[in-house]
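Q: I am new to this structure and would like a close look at a single part of it, taken slowly. Could you begin with how the chains meet and then stay with one chain?

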Amino acid sequence: MSGSAPHSAMFGVLPLIGKRFASALITLLLVSAVVFTISGLLPGDAAQETLGQSATPEQVAALRHEMGLDRPALTRYFAWLGGIVQGDPGQSLVANLPVREVIAERLPNSLMLAAFTALVSVPLALAIGIASAISRGGRLDRTLNVLTLTAVAVPEFLVATLGVLIFSVKLLWLPSIALVSEDASLWDTVRSCALPVLSLSVVVIAQMARMTRAAVADQLDRPYVEMARLKGVPFRRVVLFHVMPNAVGPIVNAVALSLSYLLGGAIIVETIFNFPGLASLMVNAVTSRDMPLLQACAMIFCAIYLMLVLVADVVAILANPRLRAQ
Amino acid sequence: MSAHVSVRNLRIVAGSKAIVDGVSFEIARGKVLALIGESGSGKTTIALALMGHSRFGATISGEVLLGETRVDQLDEAGLQALRGRRVAYVAQSAASAFNPSRTIMSQVTEPLLVHRLASKADAEVRAVDLFRALALPFPESIGARYPHQLSGGQLQRLMAAMALITRPELVILDEPTTALDVTTQVEVLKAFKAAIASVGATAIYVSHDLAVVAQMADQILVLNQGRTKEQGAAEQILHAPTDDYTRTLMAAASPTERSAPAVVAGDALLKVEGVHAAYGRLPVLHDISLQLARGATLGVIGESGSGKSTLARVIAGLLPRSAGSVRLGGEELPKGIDGRSREQFRRVQLVFQNADTALNPVHTVGQTLARPLAFYHGLKGAEAKAEVARLLDMIRLPADLATRNVRQLSGGQKQRVNLARALAARPDVLLCDEVTSALDTVVGAAILELIDELRRELGIATVFISHDISTVRAFCDQVLVLYGGTAVEQADAAAFARGVHHPYTDLLMHSVPEMRAGWLEQAVTRKAVLPSEVGDDLCRFLPRCPVAIDGRCNAEAAPLRAGDGFALLCHHELQTLRELTA
């Protein structure tokens with residue numbers, strides 16, 4: 001293999017990646033409009049919520065004017081969008097702090113939780129999926145199949161509660177509440193994150209493992225696999241060097257979808273362990289009608305989701321010489 | 001000297017069924033044994049058993065001896081050491097047997113590397129030498145390419161390079177040219193033969209094509225349903241077969257001229273005039289005209305990519321034409337299927353190449369046939385049932401097959417049902433797109449006979465699309481030769497047989513292997529004389545033409561030369577062509 005061909009292929013692929021990136025940006029813009037519209041449809045607003053039931057209509061109107069809620073929707077949308085682009089999603093109506101600060105406090109926690117979970121679950125899921133695909137129909141495959149199916153079916157609050165029951169109440173190994181603070185040592189952080197990570201991992205491992213199994217099993221039936229075996233290539237090498245380059249596209253897509261779940265979908269786990277993450281912040285924002293905060297959270301989730309899908313797309317393109325050559 | 005390869009009493013069982021039963025043979029060192037038979041005869045299964053490999057978990061018993069090694073007694077590690085080093089395999093479809101995500105070079109050198117026979121650098125040098133020996137273009141750089149960037153013929157030769165790179169003692173070739181055009185097949189066969197001889201390997205050649213086998217084999221073993229029918233020297237089997245089944249195979253391989261030529265009466269039923277068609281911006285058909293009378297058969301031939309299937313799709317309306325007209329009995333047919341009436345649909349029926357994918361697998365035969373009956377003729381209940389029975393009788397299938405699921409039928413039966421589905425509409429024009437290419441020779445010959453009979457009895461005009469020139473010659477009243485979407489030659493059967501041909505037709509005819517040893521050595525692969533790209537108006541065949549005239553063929557469009565019952569596009573005078581192609 002000469003080094004020049006992959007190199008030029010990399011350049012050939014740049015316009016394609018650029019196109020995907022542009023379409024992700026457009027999607028994000030559309031999402032912003034949808035988020036803004038839907039949050040506007042929610043009953044009640046922050047002024048009403050702040051003043052309570054006993055407030056007179058005049059007081060509410062005055063506060064509304066002060067908060068800028070009485071301006072036309074389109075004006076508010078563009079003001080808000082401009083703010084977001086400049087990195088200032090506005091003022092949290094309830095906490096009376098810039099939304100940026102509120103989020104800055106929570107986002108690292110969520111990212112850390114997602115990163116820990118990804119670190120644990122991705123390698124495990126790949127290993128389970130590949131092992132399962134290789135021994136298709138065998139005892140190992142059937143066992144793993146039942147286990148992953150069960151894990152997908154069991155609700156995560158049950159996993160979390162069982163985890164607490166076993167590791168916190170019976171064994172007293174781990175704290176039942178995730179106390180994350182800046183001055184906690186790394187060990188303490190890891191310990192307090194252990195149960196949330198466990199609960200989240202159970203679900204995403206199962207999803208990713210099943211998708212990996214399907215992708216690998218599909219490739220194992222291809223004639224080129226038989227050909228490689230008939231060349232005397234050891235099976236391990238067949239899987240790693242022949243099957244995986246072809247299966248990596250669908251696998252990274254499955255991984256991206258599962259990982260995107262780790263942020264917004266972590267709400268139940270965050271609630272059970274009282275984990276100060278972004279998902280619970282967003283739910284609080286809904287209940288207190290704190291629209292700027294709610295909108296900012298929604299935009300972050302969407303942006304992260306789109307980014308993960310974009311990365312998966314790019315990996316799939318790079319892994320496929322047909323797409324690369326386009 | 002004892003045999004190099006010796007197989008005794010080989011039995012391969014899948015589930016409770018013996019796929020191969022009691023097969024024995026021996027091959028002397030450096031000789032080629034051909035395994036021939038129809039699909040399901042167990043020929044590939046036997047070939048794979050020589051590498052200790054079986055598909056679908058079938059069990060192999062019996063004795064397989066390679067030199068001093070008992071292949072049947074090797075464990076997994078022993079087999080791994082054997083495969084790709086002492087025994088190498090060339091698969092039927094190189095397009096799917098190469099890994100789409102890895103470069104050719106990494107795959108070709110892999111056998112050397114996994115068996116630790118050479119360093120990476122040495123392996124690449126050896127690969128390039130083989131590429132050169134196999135007459136591949138750009139031997140220095142072709143290795144950096146990916147499979148999808150290469151043609152079928154090139155991939156098949158690259159696969160031979162992959163097999164021969166370790167200088168194996170035994171090479172197994174599993175229908176290595178079946179998926180190729182005849183013109184490509186000649187080159188690939190030549191390259192294979194020379195390369196195998198240069199390595200001095202013993203070979204097993206699996207094929208259903210007797211003419212190809214005649215070029216390659218020293219010995220032949222004829223198989224039917226897993227059992228040996230006949231076995232002996234190639235000459236004896238090909239020229240003095242003793243077994244009935246072998247004779248059937250031989251008979252099916254050389255199509256007999258059909259007895260009754262079509263009675264062509266009256267005006268043309270189907271009239272195609274100046275049709276152009278394109279897929280998006282890619283032009284596929286260029287100015288095609290043809291006429292077909294009731295009960296007549298037009299054969300359309302050309303290589304893959306010549307536009308012959310597209311022509312059927314355009315007539316059927318599946319691909320709207322971009323210019324020209326298609327008339328049926330004087331009435332102009334709308335371009336696409338959207339504008340056509342149910343009656344117009346009924347009159348033009350298309351039979352697809354692959355019955356496996358053309359028939360809905362969850363339907364029974366009865367449902368499949370009843371659908372067009374209800375749709376076109378409003379037949380229901382007992383009436384429809386009677387008509388289904390009549391159709392089944394017409395295609396010579398037992399009536400109780402109506403309740404069977406399509407999936408439960410054999411390949412030949414499916415193709416008959418596929419044909420009956422089209423006939424159910426009682427069409428005026430039947431478009432048959434490569435209807436026999438996926439079938440075994442014997443089964444295919446029976447289908448051809450059936451189509452011919454129905455054509456005669458029902459007076460259906462048939463457009464018969466095929467890449468097999470000998471079938472078309474034997475079977476059709478008119479011949480249309482397509483190259484690159486242009487009709488380079490058009491003739492009626494008599495004129496076609498008399499033999500003034502376009503250089504391309506000539507190439508096609510001379511590329512069909514003959515059933516005698518030594519044909520391959522005599523077959524001259526003539527090189528193109530003018531290096532050029534195709535210009536829009538120039539002859540499409542110019543880049544491959546062995547007799548092109550510099551200054552004319554690469555300067556202006558080819559003129560139409562017409563004679564008694566034929567017309568062709570060529571710069572050469574008819575008299576010159578007659579001499580050139582004699």
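A: In this predicted model, 20 residues of chain A are in contact with 27 residues of chain B, where contact means that the C-beta atoms of two residues, placed from the backbone, lie within 7 Å. Chains are lettered from A and ligands numbered from 1 in the order in which they are written, while residues are numbered from 1 along each chain as its sequence is written. Local features need pLDDT of at least 70 and side-chain atom pairs count only at pLDDT 80 or more, whereas totals for chains, interfaces and linings use all residues.

On the side of chain A that touches chain B, two or more residues each come from α9 (223-230), α10 (235-264) and α14 (321-325) of chain A; such elements are DSSP runs numbered from the N terminus, helices being H or I of at least four residues and strands E of at least two. This side of chain A holds 11 nonpolar, 5 polar and 4 charged residues, with Ala, Val, Leu, Ile, Met, Phe, Trp, Tyr, Cys and Pro taken as nonpolar, Asp, Glu, Lys and Arg as charged, and the others, Gly among them, as polar.

Turning to chain B, we find an open sheet of 6 strands, ordered β6-β7-β8-β3-β9-β10 and mixed in its pairing, where two strands pair if DSSP finds at least two bridges between them. Its edge strands, each pairing on one side only, are β6 (87-90) and β10 (227-233) of chain B. Neighbouring strands are turned against each other by 15 degrees on average, direction ignored, using axes fitted to C-alpha atoms (for helices over the stretch in contact) and angles from 0 to 180 degrees between N-to-C directions. Helix α7 (residues 152-164) of chain B packs on this sheet, where it touches β6 and β7 (170-174) of chain B, and its direction makes about 170 degrees with that of β6(B). Elsewhere in the sheet, strand β9 (residues 219-224) of chain B pairs with β10(B) in the antiparallel sense over 6 bridges, and Gln219(B) stands opposite Ala233(B) in β10(B).

Two further residues of chain B deserve a glance. Asn9(B), in strand β1 (residues 5-14) of chain B, has a positive phi of about 50 degrees although it is not a glycine, and Asn9(B) counts as exposed because it has 11 C-beta neighbours inside 10 Å.

Conventions:
A residue is buried if 20 or more other C-beta atoms lie within 10 Å of its own, exposed if 12 or fewer, and partly exposed in between; C-beta atoms are placed from the backbone.
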